[in-house]
Amino acid sequence: MFERLLAMSYIDTTDLPSNSHWQVSCAGRLASCIKSEYYFTFGIMITPPNDRSWLRQATLVLAACEQGWDCALEKRGEEWVLWSCYPDDLDDEELTSSIQLQLALIHYLERDMLKTAPANKPRIWRKKL
C-alpha cells in the first residue's frame, strides 16, 4: 500500500524535517504509516483551532459519520494526528477516494466544524408573533 501511494504521488518522502518521527508528507502535511499483514493505517497531522470544545465536537463528528468510524484522533505532544485504517485489498480508485475523504475530513475538522450555521431564514415561530 505504501508503494502504491508513492507511485500514485499521494505521498512524498522528500523535504521532511530532520530528526522527525514523520515518515512522509501527503498534500503538504506531515504523515506517518503503520503497515500490518492485512491493513494499512495512515496518520496525517492536523492543526485544530484553539478552542476548548474542539475535541468533544471532533470525536462526535467521527462517531456520527460512517466515514469516521475507521478513524482515530491521537495527540502527540502539541501535535494532533488523524489516523485512518485501510484494508490492503482496496483497488486504486477506492484508495484514491479514501485518501481524499481523509483529507476532506481533516479540512472540515480544522476549518469548518466550529463555524456557526448562518440563520438565513426567520424561524417559523417568529412569524406568528
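A residue counts as buried when its relative accessible area is under 20%, as exposed when that area is over 50%, and as partly exposed in between, with a 1.4 Å probe and protein chains only. Serine 9, at 62% relative accessibility, is therefore exposed. The structure is a predicted model, in which local features need pLDDT of at least 70 and side-chain atom pairs count only at pLDDT 80 or more, while totals for chains, interfaces and linings use all residues. Residues are numbered from 1 along each chain as its sequence is written, and side-chain values use heavy atoms, with hydrogens and water left out. Helices (H or I, at least four residues) and strands (E, at least two) are DSSP runs, numbered from the N terminus.

**Aromatic rings**

- The whole structure holds 2 aromatic pairs, where rings of Phe, Tyr and Trp (its six-membered ring) pair if their centres lie within 6.5 Å, and where planes under 30 degrees apart count as stacked, over 60 as edge-to-face and the rest as tilted.
- Phenylalanine 40 and phenylalanine 42 make a stacked pair, with 6.0 Å from centre to centre and 25 degrees between the planes.
- Both partners are buried, phenylalanine 40 with a relative accessible area of 1% and phenylalanine 42 with a relative accessibility of 0%.
- Tryptophan 54 and tryptophan 80 form an edge-to-face pair, because their ring centres are 5.2 Å apart and their planes stand at 70 degrees.
- Since tryptophan 54 belongs to helix α2 (residues 54-64) and tryptophan 80 to strand β5 (residues 79-87), this pair ties together parts that are 26 residues apart in sequence.
- Tryptophan 54 is buried at 3% relative accessible area, and tryptophan 80 is buried at 13%.

**Salt bridges**

- Side chains of opposite charge can pair when their charged atoms come close.
- A search of the whole structure finds 4 salt bridges, each being a side-chain nitrogen of Lys or Arg within 4 Å of a carboxyl oxygen of Asp or Glu.
- One of them joins the side chains of arginine 4 and aspartate 92, at 2.9 Å from N to O.
- Arginine 4 is in helix α1 (residues 2-7) and aspartate 92 is in helix α3 (residues 92-112), so the bridge ties together parts that are 88 residues apart in sequence.
- Arginine 4 is partly exposed at 23% relative accessibility, and aspartate 92 is partly exposed at 42%.
- Glutamate 110 and arginine 111 meet in a salt bridge of 3.6 Å, N to O, and a network of salt bridges links Arg29, Glu110 and Arg111.
- Glutamate 110 is buried with a relative accessible area of 12%, whereas arginine 111 is partly exposed with 47%.

**Arginine 76 and the β4–β5 hairpin**

- Strand β4 (residues 71-76) and β5 run antiparallel and are joined by 6 bridges, and two strands pair if DSSP finds at least two bridges between them.
- The two strands form a hairpin with 2 residues between them, and glycine 77 in the turn has a positive phi of about 65 degrees.
- Arginine 76 stands opposite glutamate 79 in β5, but its salt bridge is with glutamate 74, the closest N and O atoms being 3.3 Å apart.
- The charged end of arginine 76 also sits over the ring of tryptophan 22, 5.5 Å from its centre; this term requires NZ of Lys or CZ of Arg within 6 Å of the ring centre and within 35 degrees of the ring normal.
- Arginine 76 is partly exposed with a relative accessible area of 25%, and glutamate 74 is partly exposed at 29% relative accessibility.

**Helix α3**

- Helix α3 has 21 residues and reaches 29 Å from its first C-alpha to its last, close to the 30 Å expected at 1.5 Å a residue, the expected span being 1.5 Å times one less than the number of residues.
- Buried residues in α3 include Leu95, Ile99, Gln102, Leu105, Ile106 and Leu109.
- An α-helix has 3.6 residues a turn, so residues three or four places apart point the same way.
- Aspartate 91 caps the N-terminal end of α3, with a side-chain oxygen 3.2 Å from the backbone nitrogen of glutamate 93.

**Positive phi angles in loops**

- Most residues other than glycine have a negative phi.
- Serine 9, in the loop between α1 and β1 (24-26), has a positive phi of about 65 degrees although it is not a glycine.
- Alanine 27, in the loop between β1 and β2 (29-35), has a positive phi near 55 degrees and is exposed at 60% relative accessibility.

Methods
A polar contact is a pair of N or O atoms within 3.5 Å; within protein, one must be able to donate a hydrogen and the other to accept it, and residues adjacent in sequence count only if both atoms are side-chain atoms.
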